[in-house]
Amino acid sequence: MTNPSRLWTIVTVARRYWQHVRVTAAPQPTPPTPSTTASVSTAAPGPAAHTAPSSYGLLPAPPESADGVLEGLDPEQREVATTLSGPVCVLAGAGTGKTRAVTHRIAYGVRAGILPAAGVLAVTFTNRAAGELRGRLRELGASSVQARTFHSAALRQLRYFWPRAIGGELPRLLERKAGLVHEAAKRSRLRLERSDLRDVTSEIEWAKVTRTVPEDYAAALAKTGRTPPRDPAEVAQVFTAYEQLKRERGTIDFEDVLLLTVGILQDRQDIAAQVRGQYQHFVVDEYQDVSPLQQRLLELWVGDRESLCVVGDASQTIYSFTGATADYLLDFRVRYPQSTVVKLVRDYRSTPQVVRLANGLLAHASGRASRHRLELISQRERGPEPVFTEYPDEPSEADATAKRVRELMNSGVRAAEIAVLYRTNGQSELYEQAMADARVPYQLRGAERFFERPEVREAETKLRGAAKAGGNDSLLDGAEDLVSQVRAVLGPVGWAPRAPASSGAARDRWESLAALVRLAEELAQGQPRAALGDFVAELQARAAMQHAPRVEGVTLASLHSAKGLEWDAVFLVGLTDGMLPITYAKTPEQLEEERRLLYVGVTRARRHLALSWALARSPGGRAGRSPSRFLDGLRSGGSSVGASSAAGGRPSAGGVERAERPRARAGRTTARCRVCGRTLTDAGEIKLLRCEDCPSDLDEQLYDRLWVWRSRQATLLRQPPYCVFTDKTLMAIAEATPDTAAELSRIPGVRARKLQQYGADVLALCAGEEPQEDPAGPGDEPAPE
């Protein structure tokens, strides 16, 4: 049985060590200009270093020799790949092929016999990024190299060494800490609302990765200028109770995985020596995102050796709220004076127009990271100019964005190659609605992982069973090739040649299955003799790497979750002061991180880039907003254009389109509270036509009848209930109890299509009658509000 006191001693050793380091460490000077630097100053035609994630298992055989691994690399990438001795720092701008450079470095070293495959450890920060590293190494003939996240690598070591260092089994890993934080708050006699719970949980995570103990929390806030979600004393109190609850229950969290590994490696030199004997060479991707705790773990892995390669870009440091800091990247030459520094600035991703905007954005930056910014040089042909558009209100911005997306799709751009990016997840609802109204398929980034979706799990089970049964499975009768076999197996679980006309759950399920069919088509194209068993093996390999096939839908995502991705067309929306930079960004450091966040968004675009903002939140609202200050100096021209141009035309280079205020339409007119008369701006209040705090005259019996009716409709249509009407719209109907179609149409959320489809039923329910049984036909699909 695990000794809790021994475990806590290890934790204390690690924390006290870091407190000592923080106190005694001398201020680090700014790194000198690298003397050993490979860079590029002019735009020379380079190889097509495409940086998009590759399709594992679908490419030709790996290069035949080590020298073959180097083919296709530009001079700077080749420098990275062939410099295998001593510490190496790669400063890699967005779209410059950094993953290509480091994976070819590892593969070249392994294939040339310079690096032992089992002695290389490549670490990064997300499962997706680690999966991409493994996939590319597999393509290059170096599949036995370990490529993991920091947490995955540490957890593997912790499980192996725990019985020897501590004794007993490793404590249970706490998958989610919010529930325990909530309990800790109750023990501290504090009440946390849902948003407070999320923020306090994040604050505890920040404290742990920055090596801050509860008693030092307030001092750490003062030192960093961080704004706490609650009174610092309350956060520290919850933090203390949370740690106590973990000890009492014998559990550890994800931060403890790193912390305990650090503690054991510091406490047991024999174990540290064994780890260093296993791994002789380290590669760290996205090094600008390393936290103090991760950096300490890396130092213990490396020891006094110098076989280390780090890759990063200080201009893409956007996770400081989690404890990430670019200081370790910028101070690399201080710690390793003899290191080789290679700069990658040839941008193979974006057109010169997009790159010029990205460079211009950073040209106005300040602070330490700005002094080390990389001036990108596009290697692509010219493309369209970025489009700047100003809208009167947010719904107009969302509708016009959906219309432009539809126009791009009609012109041949795939939906999967288009993204709409915003600052906060709370902005997504408006764009989900606009895409549904425009009949544009979309997917939310940050939602459930592809291979964890129920329909994908079911499909994989069916495919595995069919592969084992072979010719004995009746589903495969008449299906001779791989693609027809996959289609035959997936047909009964929801795949069809044509997508369902409806949106919502049915469409999401079909998109997932269609992605599997497209993957089978790609595999058959690359490997004509591939069998169903090969396809199942490919799915299993991808699931292990979290490398999902692309779902054919426009991506809706926050700027933070878009990091590391790219699309042909990117729409950056909601670019107003107060949103980007976000209101709570006050200090110069916080404001510069917001600028870098916009830079990350800009550099996601390969060819088409649109930037927009709205002057008011809702139609008829006061136009008191200003475009983001980060756009100052980047927008030339500024002549006003009409609504038609705003919807699809192109202004002069860098010009600004100002969309005319659209005609009023149902659900989009100025809304005032029907009780107190105040202008409403909150979407929920607009639907209710009253302030949340104003008295409600809800007919509860009617609301219950509407609820039952909506559930029945959703079941008939195989849709989530909100696709019929949202809860707020049901409540608004139950409060207004309309008698006529005209009265019903004045309720926000009841648009023309909804009125035509459900109006008779709703009015019957409002009159105390039962609606006629008339299940929706194939053409009567609902549209989310």
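The side chain of R230 makes a polar contact with the side chain of E234, at 3.1 Å. This is a predicted model. What else does R230 touch, leaving aside residues up to four places away in sequence? The list is L190, R191, L192, D196, V200 and V235.

Next, the helices α11 and α12. Two packed helices are described by the angle between their axes and the distance between the axes. Here α11 covers residues 254-267 and α12 covers residues 269-278. Their axes come within 5 Å. They cross at roughly 105 degrees. Angles of 65 to 115 degrees count as roughly perpendicular, so α11 and α12 are roughly perpendicular to each other. Which residues make the contact? From α11 come I264, L265, Q266 and D267. From α12 come Q269, I271, A272 and V275. By class, five of the contact residues are nonpolar, two are polar and one is charged.

The last stop is R617. This residue is found in the loop between β17 (605-614) and α24 (643-648). Is R617 buried, partly exposed or exposed? Its relative accessible area is 40%. Buried means under 20% and exposed means over 50%, so R617 counts as partly exposed.

Note on methods:
Residues are numbered from 1 along each chain as its sequence is written. This is a predicted model: local features need pLDDT of at least 70, side-chain atom pairs count only at pLDDT 80 or more; totals for chains, interfaces and linings use all residues. Side-chain values use heavy atoms; hydrogens and water are left out. A polar contact is a pair of N or O atoms within 3.5 Å; within protein, one must be able to donate a hydrogen and the other to accept it, and residues adjacent in sequence count only if both atoms are side-chain atoms. Contact means heavy atoms within 4.5 Å. Axes are lines fitted to C-alpha atoms, for helices over the stretch in contact, and angles run from 0 to 180 degrees between N-to-C directions. Helices (H or I, at least four residues) and strands (E, at least two) are DSSP runs, numbered from the N terminus. Angles under 35 degrees count as roughly parallel, over 145 as roughly antiparallel, 65 to 115 as roughly perpendicular and the rest as oblique. Ala, Val, Leu, Ile, Met, Phe, Trp, Tyr, Cys and Pro count as nonpolar, Asp, Glu, Lys and Arg as charged, and the others, Gly among them, as polar. Buried means under 20% relative accessible area, exposed over 50%, partly exposed in between (1.4 Å probe, protein chains only).
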